[in-house]
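Open the model in your viewer and keep the selection tool at hand. Each stop below says what to select and what is there.

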Amino acid sequence: MLAFAGLERTGTGRGIFRATSLRPGIALMPSHEPSLPTSNDLQNVVAEMLKKAQRRGASAAEASIGRGVGMSVTVRMGDVETVEHNRDKGLGLTVYIGQRKGSASTSDFSPAALDDTVETAWQIASHGGTDDCAGLADPEHMAHTYPDLDLHHPWSLEADAAIDLALAAENAARGTDARITNSEGASVGTHASERVYGNTHGFIGAYATTRHSLSSVVIAEQDGAMQRDYWYTSARLPSELEAPDVVGVRSAERAVRRLGGRQVPTAKVPVLYSAEISSGLVGHLIGAISGGSVYRKASFLVDHLGKSVFPADVRISEHPLMARAMGSAPFDAEGVATRSRDLVSGGVLESYVLSSYSARKLGLVTTGNAGGVRNVTITKGSEDAPDLATLLKTMGTGLYVTELIGMGVNTVTGDYSRGASGFWVENGELIHPVEEITIAGNLRDMFLGIAAVGGDVDRRGNIHSGSILIEEMTLAGQ
């Protein structure tokens with residue numbers, strides 16, 4: 001139990017503690033280093049749950065445990081707003097009686113609670129309907145051996161030190177330009193976790209990860225108009241985070257450059273997506289080729305395997321075994337070994353994104369994507385990718401998009417319409433900020449119309465993409 005004046009417990013059963021309205025310089029907690037539960041202990045719990053399920057009458061079962069510990073702090077306008085320490089754990093169990101399925105979960109690891117979880121899952125399965133595609137992943141796909149991906153690097157970070165980092169980022173942002181008049185805060189976070197998965201094929205696997213981050217959000221004001229923008233850095237290793245002053249200055253510069261935004265006339269123009277938002281375009285492809293969308297016939301790319309979807313020199317590939325990358329994992333949510341592979345090669349759609357269930361629905365084989373894709377990259381051409389300045393000159397005149405608003409994307413038809421802001425470009429130069437506009441098209445045409453992919457790759461997430469230039473889209477403005 002934590003004991004500190006001004007510290008309150010929040011949440012239910014998750015061990016989250018928040019300190020509010022505190023001042024920097026106070027020793028809030030002893031040295032904080034996210035520590036993990038013993039991997040062997042967790043694996044033993046999973047193994048015992050599988051045995052319990054079989055003894056209860058399950059023909060097959062799978063169980064997973066996730067457990068983590070972390071800390072986050074937020075400062076705003078020089079004051080500490082929150083300090084949170086969290087510890088959480090959970091166990092999920094799925095049992096199969098033939099091809100009937102039942103699932104239950106618990107955060108209580110006492111023997112009685114674990115027995116109740118087994119009984120609940122079994123009861124659900126016993127009363128459920130039969131699904132010919134239900135069941136564990138096939139045993140030959142299990143990741144019985146896998147590499148150490150170097151994903152676990154705990155950070156020995158005290159709350160005072162975390163506050164200092166956040167304050168440094170915010171102070172750098174506020175000191176960058178007199179037009180930075182307000183702040184929505186700067187935050188530092190560190191989290192360590194472990195995942196254990198096992199099933200009655202005899203597979204039990206475990207891996208540990210860490211994620212650290214630093215962010216800043218500020219508001220710029222000029223002539224009564226205000227603009228908000230942000231920047232953040234995230235990494236597996238604390239040493240690979242950008243420095244606080246870099247994060248702060250970047251957030252301020254991004255906010256200031258948006259001042260004076262205005263509409264532009266309605267037109268059809270080239271559109272350049274910045275690296276930070278280009279991952280969304282690739283994400284629409286992933287959604288459209290995900291097994292659930294395909295077998296439900298809810299995708300504009302149904303029956304497109306082997307067909308050209310992008311220009312002939314575009315390659316989109318997945319690299320789940322990349323060391324220290326944010327999306328890496330040695331096995332998927334079903335224990336299936338992950339591997340590098342092409343989704344698109346030579347512009348042709350080579351593969352869907354499949355779990356065992358969706359693969360069976362389609363008469364195909366799992367691609368190791370239960371739980372999603374991991375470290376997807378997009379490239380165009382065999383030469384070095386152009387930098388942002390080159391992309392702008394290639395575009396000539398058009399729209400450079402830095403923010404998208406709304407969710408007007410229909411992956412059934414491919415129709416695309418979203419609010420946007422960014423910069424008007426002429427002769428390869430940024431002319432003025434643009435706001436209150438809409439960009440529209442169809443994903444089929446947008447994918448085929450990709451003219452270039454930049455080398456300014458954003459690797460902070462699960463999709464790694466540089467800026468993407470599309471030959472033409474409809475811009476709705478004045």
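Select β4 and β5: these strands pair in the antiparallel sense over seven bridges. This is a predicted model. Now go to the turn of their hairpin, where two residues lie between the strands. Glycine 98 takes a positive phi there, near 65°.

Next, pick serine 103, in strand β5 (residues 100–106). Across the pairing, serine 103 is the bridge partner of threonine 94. Show the side chains as well: a polar contact of 2.8 Å joins those of serine 103 and threonine 94. Leaving out residues up to four places away in sequence, you find Leu93, Thr94, Ala121 and Ile124. Is serine 103 buried, exposed or partly exposed? Its relative accessibility is 37%, so serine 103 counts as partly exposed.

Step across to the other hairpin. Strand β3 (residues 60–76) runs antiparallel to strand β4 (residues 79–97), and 17 bridges join them. Select isoleucine 65 to see leucine 91 of β4 opposite. Two residues separate β3 and β4 in this hairpin. In the turn, methionine 77 has a positive phi of about 50°.

Now turn to the largest pocket, with a volume of about 350 Å³. Its lining has 18 residues. Select Ser234, Glu240, Asp458, Arg459 and Arg460, which lie nearest the pocket's centre. Then colour the lining by type: seven residues are nonpolar, three polar and eight charged. Which strand gives the largest share of the lining? Strand β8 (residues 225–235) does, with four residues.

For a last stop, draw a C-alpha to C-alpha distance from serine 103 to alanine 440: 42 Å in space, across 337 residues in sequence.

Notes: Residues numbered from 1 in each chain as written. Predicted model: local features only at pLDDT ≥ 70, side-chain atom pairs only at ≥ 80, totals over all residues. Heavy atoms only, no water. Buried < 20%, exposed > 50% of the residue type's maximum accessible area, 1.4 Å probe, protein only. Contact = heavy atoms within 4.5 Å. Polar contact = N/O pair within 3.5 Å; in protein donor to acceptor, adjacent residues only side chain to side chain. 1 Å grid on protein atoms, 1.4 Å probe; cavity = no way out; pocket = protein on both sides within 12 Å on 5 of 7 lines; lining within 4 Å. Points joined across faces, edges and corners; volume = space filled by probe spheres on them. Nonpolar A, V, L, I, M, F, W, Y, C, P; charged D, E, K, R; others polar. Pairing = 2+ DSSP bridges.
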